[in-house]
Amino acid sequence: MFNQKHIEELLKNENVHKCSSKSITFTGKFKLEAVRKYYEDGCSPSMIFRQIGLGLDIIDKNKAKDCLRRWRRIYNRSEEHTSELQSH
């Protein structure tokens, strides 16, 4: 899924906690900010990822949508959503 060049580029981004050839773990701070931008500012998932410098050439549109869907689900079901989203 991600080649070495992609991994190196992803790890330079302050919003990426860790990355492997199969997955990316984003920081809790970014997850919360992404959910806020989605709900409060009306930003699309792909727009949110582009704003932090991750274009759709690395993170495809479906990956962005899936991440936001998962993070919103956690945010909406948990009274202590901030701590759950911030865990890695």
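Rings of Phe, Tyr and Trp (for Trp, the six-membered ring) are taken as a pair if their centres lie within 6.5 Å; planes under 30 degrees apart count as stacked, over 60 as edge-to-face and the rest as tilted. By this criterion, Phe 26, Phe 30, Phe 49 and Trp 71 form one aromatic cluster. The structure is a predicted model, in which local features need pLDDT of at least 70 and side-chain atom pairs count only at pLDDT 80 or more, whereas totals for chains, interfaces and linings use all residues. Residues are numbered from 1 along each chain as its sequence is written, and side-chain values use heavy atoms, with hydrogens and water left out.

The pLDDT is the predictor's confidence in each residue, from 0 to 100. Its average over the protein is 89, and 89% of the residues score at least 70. Helices (H or I, at least four residues) and strands (E, at least two) are DSSP runs, numbered from the N terminus. Among these elements, strand E1 (residues 16-19) has the highest mean pLDDT (96) and helix H5 (residues 81-86) the lowest (61).

A search of the whole structure finds 8 aromatic pairs. The ring centres of Phe 26 and Phe 30 are 5.4 Å apart and the planes stand at 45°, so this pair is tilted. Both Phe 26 and Phe 30 are buried, where buried means under 20% relative accessible area, exposed over 50%, and partly exposed in between (1.4 Å probe, protein chains only). For Phe 49 and Trp 71, the centres are 6.3 Å apart and the planes at 25°, so the pair is stacked. This pair links distant parts of the chain, since Phe 49 lies in helix H3 (residues 45-51) and Trp 71 in helix H4 (residues 61-77), 22 residues apart. Phe 49 is buried because its relative accessible area is 0%; Trp 71, at 3%, is buried too.

Helix H2 (residues 28-41) has 14 residues and spans 19 Å from its first C-alpha to its last, close to the 20 Å expected at 1.5 Å a residue. The expected span is 1.5 Å times one less than the number of residues in the helix. Buried residues of H2 include Phe 30, together with Gly 28, Lys 31, Leu 32, Ala 34, Val 35 and Lys 37. Just after H2, Gly 42 takes a positive phi of about 75°.

Cysteines were also examined. Cys 19 counts as buried because its relative accessibility is 17%, and Cys 67 counts as buried at 1%. The structure holds 0 disulfides, a disulfide being a pair of cysteine sulfur atoms within 2.5 Å.
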